[in-house]
Amino acid sequence: MEQPLQELRARALACLIESDPGAKVLAMAAMAAAAGDGACQPDPHAVLQSSSAIPGRPARPELVPPRLVGRRSMVTVEGRAMLIHALAHIEFNAMNLALDALWRFAAMPVPYYTDWLQVAFEESTHFSLLVGHLKLLGHAYGDFPAHDSLWEMVEKTNGDVLARMALVPRTLEARGLDAIPPLRAKLAQAGDLAAAQILDIILRDEVGHVDIGNRWYYHLCALRGLEPRATYAELAVRYEAPTLRGPFNIEARRRAGFSEADLDALSEKGSF
């Protein structure tokens, strides 16, 4: 008798609550491969709950307020390691947020789930690349403190997929489109060309991730009969989203699916 297909959202939840980063990355790769082979399909109407903490985390890094993370000088190996560690932590959280978007929100179209599977797998690849480079610098993930600002917004928006799409991928993750080029330039200037090349990969993929967030945000606005820009402004206030600050990578944001009206407002007023 043929074995039933594994359900993608349940498997994403199991991956999300895994606390060991290495095991999480391996589970992520196995899930993506199974989905690619057709052996792991999403059930949009499955009723799922978790009795474990979300997300699963290792005991380290220690989580501290952003002001206590420490300064990162590109002049020293230690300073560059601190930066790479901070980026690795962002990618670890980004993998978790994609897994959370995949399992948490029911009754979405099937392409929504496959889109977030793609994001989760690519974020896991970014995390692995950064952890590998961190090892070359004499350190491991967990060696430095980190902050948790990205995940805090994930938790705030657990109750509404529209708010999640508005304020995580198209707000917090989109800030990476602006931040990566100057960080890449600093690393390259310091002679760390391998790290600079990793950031090239991350920027390329993050354009696609933000585009996925934008597409589902616009889809949900249309489904609910909402005007996207006015709705975004209301959600930003309600959920206390961070203020957007330039300079903005307008070309990357254009490729990531922001409307020309959004980009014009961002250039003129610093907000959508």
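Two residues are in contact when heavy atoms of theirs lie within 4.5 Å. The model discussed here is predicted.

**The nonpolar core**

By that criterion, and with neighbours within four places in sequence left aside, Met28 is in contact with Cys15, Met95, Leu99, Leu117, Ala120, Phe121 and Ser124. Met28 also belongs to the largest nonpolar core, a set of 83 residues. It is listed there among the residues with the most contacts inside the core, together with Leu99, Tyr112, Trp116, Met165 and Leu167. Helix α3 gives the most to this core, with 15 residues. In soluble globular proteins, nonpolar side chains tend to be buried together.

**Helix α5**

Helix α5 covers residues 149-156, and Leu150, Trp151, Met153 and Val154 are its buried members. Viewed down the axis of α5, the buried residues fall within an arc of 155 degrees, so they line one face of the helix. An α-helix has 3.6 residues a turn, so residues three or four places apart point the same way. The cover over the buried residues of α5 includes α1 (8-17), α3 (77-104) and α6 (161-189).

**Packing of α4 and α6**

Two packed helices are described by the angle between their axes and the distance between the axes. For α4 (residues 110-136) and α6, the angle is about 35 degrees and the axes are 15 Å apart. Their crossing is left-handed. From α4, the contact is made by Tyr112, Trp116 and Glu123, and from α6 by Val161, Met165, Pro169 and Glu173. Sorted by class, five residues of this contact are nonpolar, none is polar and two are charged. Tyr112, Trp116 and Met165, which take part in this contact, are also among the residues with the most contacts inside the largest nonpolar core.

| Residue | Helix | Relative accessible area |
|---|---|---|
| His85 | α3 | 1% |
| His133 | α4 | 7% |

Buried means under 20% relative accessible area. His85, at 1%, is therefore buried, and His133, at 7%, counts as buried because of the same cut-off.

What surrounds each one? Not counting residues up to four places away in sequence, His85 touches Pro61, Leu134, Ala140, Tyr141, Gly142, Asp143, Phe144 and Pro145. With neighbours within four places left aside, His133 is in contact with Ile84, Asp192, Ala194, Ala195 and Ile198.

Terms used
Residues are numbered from 1 along each chain as its sequence is written. This is a predicted model: local features need pLDDT of at least 70, side-chain atom pairs count only at pLDDT 80 or more; totals for chains, interfaces and linings use all residues. Side-chain values use heavy atoms; hydrogens and water are left out. Buried means under 20% relative accessible area, exposed over 50%, partly exposed in between (1.4 Å probe, protein chains only). Helices (H or I, at least four residues) and strands (E, at least two) are DSSP runs, numbered from the N terminus. The arc is that of the directions from the helix axis to the C-beta atoms. A nonpolar core is a set of buried Ala, Val, Leu, Ile, Met, Phe, Trp, Tyr and Cys residues joined through side-chain atoms within 4.5 Å. Axes are lines fitted to C-alpha atoms, for helices over the stretch in contact, and angles run from 0 to 180 degrees between N-to-C directions. A crossing is left-handed if the near helix is turned anticlockwise from the far one by less than a right angle, and right-handed if clockwise. Ala, Val, Leu, Ile, Met, Phe, Trp, Tyr, Cys and Pro count as nonpolar, Asp, Glu, Lys and Arg as charged, and the others, Gly among them, as polar.
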